[in-house]
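These are my notebook entries on one protein chain, set down in the order in which I looked things up. The structure itself comes next, and the entries follow it.

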Amino acid sequence: MKVTKPDIAGLLVIAPDIYNDDRGYFFESFNQIKYKELGIPDEFVQDNISKSKIGTVRGLHYQVGEKAQGKLCQVIEGEVLDVAVDIRFNSPTFGKHFSLILNSETKFQLWIPTGFAHGFSVLSDEAIFSYKCTNYYSKEHERSILFNDPDLKIDWKVQQPIVSDKDLKADKFNEIERDFKYINE
């Protein structure tokens with residue numbers, strides 16, 4: 001497995017070892033011991049899967065307080081643009097985002113620790129997106145940032161985004177609370 005550290009501290013891109021033969025393929029999508037060695041110290045308590053059609057944008061979501069979540073993201077089928085926005089106040093990359101194409105061909109994963117808002121757009125006809133969470137979903141701790149906030153300048157790579165009513169009513173980036181503080185490690 002190969003691991004890349006993007007320019008935003010805390011994020012990890014994981015390229016698993018894939019074993020292909022005439023029957024198909026095999027790869028280890030998670031191994032707690034190996035992932036802890038990579039710096040993913042959290043235990044996962046919930047797995048989520050969504051299926052979406054082309055042009056769908058989901059996000060930018062995060063949870064706060066005792067229910068803050070880290071996420072290990074991957075695509076089971078199709079292709080998405082996965083996006084993480086640094087919302088850790090005092091971080092040198094506060095307000096910056098990192099985006100990466102995740103698809104069922106490369107099987108890359110993106111580790112997003114707490115302190116980031118997360119979203120994705122669907123680039124293929126449809127996509128099945130899977131992510132492991134370090135905390136349970138909590139409606140009262142859930143927060144959202146407007147996906148097309150002009151301060152963030154995210155290119156979602158879709159022409160006519162399909163967005164939920166809830167996500168269209170999300171907060172602007174400059175309105176979010178100071179829920180996360182950057183700790184230089």
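I started with the pair Asp155 and Lys157, whose side chains meet in a salt bridge at 3.2 Å, N to O; I count as a salt bridge a side-chain nitrogen of Lys or Arg within 4 Å of a carboxyl oxygen of Asp or Glu. The model is a predicted one, in which local features need pLDDT of at least 70 and side-chain atom pairs count only at pLDDT 80 or more, while totals for chains, interfaces and linings use all residues. Residues are numbered from 1 along each chain as its sequence is written, and side-chain values use heavy atoms, with hydrogens and water left out.

Asp155 counts as partly exposed because its relative accessibility is 47%, where buried means under 20% relative accessible area, exposed over 50%, and partly exposed in between (1.4 Å probe, protein chains only). Lys157 is in the loop between β14 and α2, and I noted that its phi is near 65°, a positive value in a residue other than glycine. For the element names I rely on DSSP runs numbered from the N terminus, with helices as H or I of at least four residues and strands as E of at least two.

I then looked at Lys153, which is also placed in the loop between β14 (142–144) and α2. Its phi is near 55°, again positive in a residue other than glycine, and with a relative accessible area of 65% Lys153 is exposed.

Arg88 and Asp86 meet through their side chains in a salt bridge of 2.9 Å, N to O. Are these two partners buried or exposed? Arg88 is buried, with a relative accessible area of 10%, and Asp86 is buried as well, at 0%.

Lys34 forms a salt bridge with Glu28, with the closest N and O atoms 3.1 Å apart. Here Lys34 is partly exposed at a relative accessible area of 37%, and Glu28 is partly exposed at 35%.

Next I turned to the aromatic rings, taking rings of Phe, Tyr and Trp (its six-membered ring) as paired if their centres lie within 6.5 Å, with planes under 30 degrees apart counted as stacked, over 60 as edge-to-face and the rest as tilted. By this rule the count comes to 10 aromatic pairs. Why is the pair of Phe30 and Phe44 called edge-to-face? The ring centres of Phe30 and Phe44 are 5.3 Å apart and their planes stand at 85°, so the pair falls in that class. The pair links distant parts of the chain, 14 residues apart, with Phe30 in the loop between β4 (24–27) and α1 (32–38) and Phe44 in the loop between α1 and β5 (46–53). Phe30 is partly exposed at 28% relative accessibility, whereas Phe44 is buried at 17%.

The pair of Phe94 and Phe173 is tilted, at 5.1 Å centre to centre with 40° between the planes. This pair also links distant parts of the chain, 79 residues apart: Phe94 lies in the loop between β9 (88–89) and β10 (97–103), and Phe173 in the loop between α2 and β15. I recorded Phe94 as partly exposed at 28% relative accessibility and Phe173 as buried, with a relative accessible area of 10%. Returning to Phe30 and Phe44, I found that ring pairs link them with Tyr35 and Trp111 into a cluster.

For the backbone, I checked the peptide bond from Gly59 to Leu60, which is cis, with omega near 15°. Leu60 belongs to strand β6 (residues 57–63).

I also looked up Gly24, which is in strand β4 and is partly exposed at 28% relative accessibility. The C-alpha atoms of Gly24 and Leu102 are separated by 19 Å, the two residues being 78 residues apart along the chain.

My last entry concerns Asp171, which sits in the loop between α2 (165–168) and β15 (180–181) and is partly exposed, with a relative accessible area of 34%.
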